[in-house]
Amino acid sequence: MLYLDSANIEELRPWVHQLSLDGITCNPKLLAQAGIKADDFIGQARALGFDRPHQLFVQVTATDTAGMVAQARQLWSRWGAVYCKIPVSPAGLTAIHQLKRSDDASGAICATAIYCERQAFLAAREGADYLAPYVNRIDREGGDFQRVIGRLRELLERQQLPARIVAASFAIPEQLTQALLAGAHDLTVSPALLTQYLANAQTAQAVAEFASYG
Ligand code: G3P
């Protein structure tokens, strides 16, 4: 699956009829940069056409377990089938544990801000549906994101855990292919980077050359 990582509705709008996209992810920083509140973002993204279940991802801002649990419940009760992104801090892992063992355990969770496979593995054990390793941020720390993703995918398969890996946080197009080859199921990409990913200077040159004969 391919998601766009942005909270900017105007930036997202042109993509609706451009490629087969599976939904939109965002985080508190992206919401702030776009100057939009989470509820308005969900409403406007649905109006844009991302209105099928589980197409939108919104992150909690609380840092304590009780606050994360309360925000997740509020999100699901207001909007239904949206993914609640919960960072894999110790408090976040406990929040995932509590939410997945409660009466509203059907709420969809994406464990996020993953830097190493053990955090993701623990989140998957607690029932997180999606796991979001931070590719470029791992790279920036001198880590090996392909190794993290590859080992995580192997762990999920060996332990028969159904969570999917949605690789996030990219800086250059090549990282997208590398993440998929390492074992990520899905990607979430900023519109700017997706623009770079689908462009090729030589193809543009060939198109211009052929057009000159038209
Ligand atoms: O979806 C997570 C992503 O938005 C974080 O990306 O570019 O801030 O590392 P970045």
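**Notes on the barrel, its cores and its ligand**

1. Ala113 lies in strand β5, residues 108–114. Strands here are DSSP runs of E with at least two residues, helices are runs of H or I with at least four, and both are numbered from the N terminus. The model is a predicted one, in which local features need pLDDT of at least 70 and side-chain atom pairs count only at pLDDT 80 or more, while totals for chains, interfaces and linings use all residues. Residues are numbered from 1 along each chain as its sequence is written, and side-chain values use heavy atoms, with hydrogens and water left out.

2. Stay with Ala113. Its phi is near 60 degrees, a positive value in a residue other than glycine. Most residues other than glycine have a negative phi. Ala113 counts as partly exposed because its relative accessibility is 21%. The classes are buried under 20% relative accessible area, exposed over 50%, and partly exposed in between, with a 1.4 Å probe and protein chains only.

3. Now the fold. Eight strands form a closed barrel in the order β1-β2-β3-β4-β5-β6-β7-β8, with parallel pairing. Two strands pair if DSSP finds at least two bridges between them. Neighbouring strands of this sheet are turned by 30 degrees against each other on average, direction ignored. Axes are lines fitted to C-alpha atoms, for helices over the stretch in contact, and angles run from 0 to 180 degrees between N-to-C directions.

4. Strand β1 (residues 2–5) has two partners to check. With β2 (residues 23–25), β1 pairs in the parallel sense over three bridges. Asp5 stands opposite Thr25 there. Three bridges also join β1 to β8 (residues 186–189), again parallel. Leu4 has Val189 as its bridge partner in β8.

5. What does Ser190 touch, residues up to four places away in sequence not counted? Leu4 and Asp5. Contact means heavy atoms within 4.5 Å. Ser190 sits in the loop between β8 and α10 (191–198). At 29% relative accessibility, Ser190 counts as partly exposed.

6. Strand β3 comes next. Leu56 and Val58 point one way from β3, Phe57 and Gln59 the other way, and all are buried. In a regular strand the side chains alternate between the two faces of the sheet. β3 pairs with β2 in the parallel sense over two bridges, and Ile24 stands opposite Leu56. With β4 (residues 83–87), β3 pairs in the parallel sense over three bridges. Tyr83 in β4 is the bridge partner of Phe57.

7. Helix α3 (residues 38–48) lies across β2 and β3 (56–59), running at about 175 degrees to β3. Helix α8 (residues 145–158) lies across β6 (130–133) and β7 (164–167), running at about 165 degrees to β7.

8. The largest nonpolar core has 63 residues, and Phe41, Ile86 and Leu131 have the most contacts inside it. Such a core is a set of buried Ala, Val, Leu, Ile, Met, Phe, Trp, Tyr and Cys residues joined through side-chain atoms within 4.5 Å. Another core, of eight residues, lies apart from it; Phe57, Tyr130, Ala132 and Val166 are among them.

9. Glu117 lies in helix α6 (residues 117–125). Is Glu117 buried or exposed? Buried, because its relative accessibility is 13%. Not counting residues up to four places away in sequence, Glu117 touches Val148, Arg151, Leu152 and Leu155.

10. Around the ligand stand Asp5, Asn27, Leu30, Lys85, Tyr134, Arg137, Ala168 and Ser169. A residue is near a molecule if one of its heavy atoms lies within 4 Å of it. A polar side-chain atom of Asn27 lies 2.9 Å from a ligand oxygen atom. For an N or O atom in the side chain of Arg137, the distance to a ligand oxygen atom is 2.6 Å. For Ser169 it is 2.7 Å, again from a side-chain N or O atom to a ligand oxygen atom.

11. Phi of Ser169 is near 65 degrees, a positive value in a residue other than glycine. Ser169 counts as buried because its relative accessibility is 17%.

Methods: A polar contact is a pair of N or O atoms within 3.5 Å; within protein, one must be able to donate a hydrogen and the other to accept it, and residues adjacent in sequence count only if both atoms are side-chain atoms.
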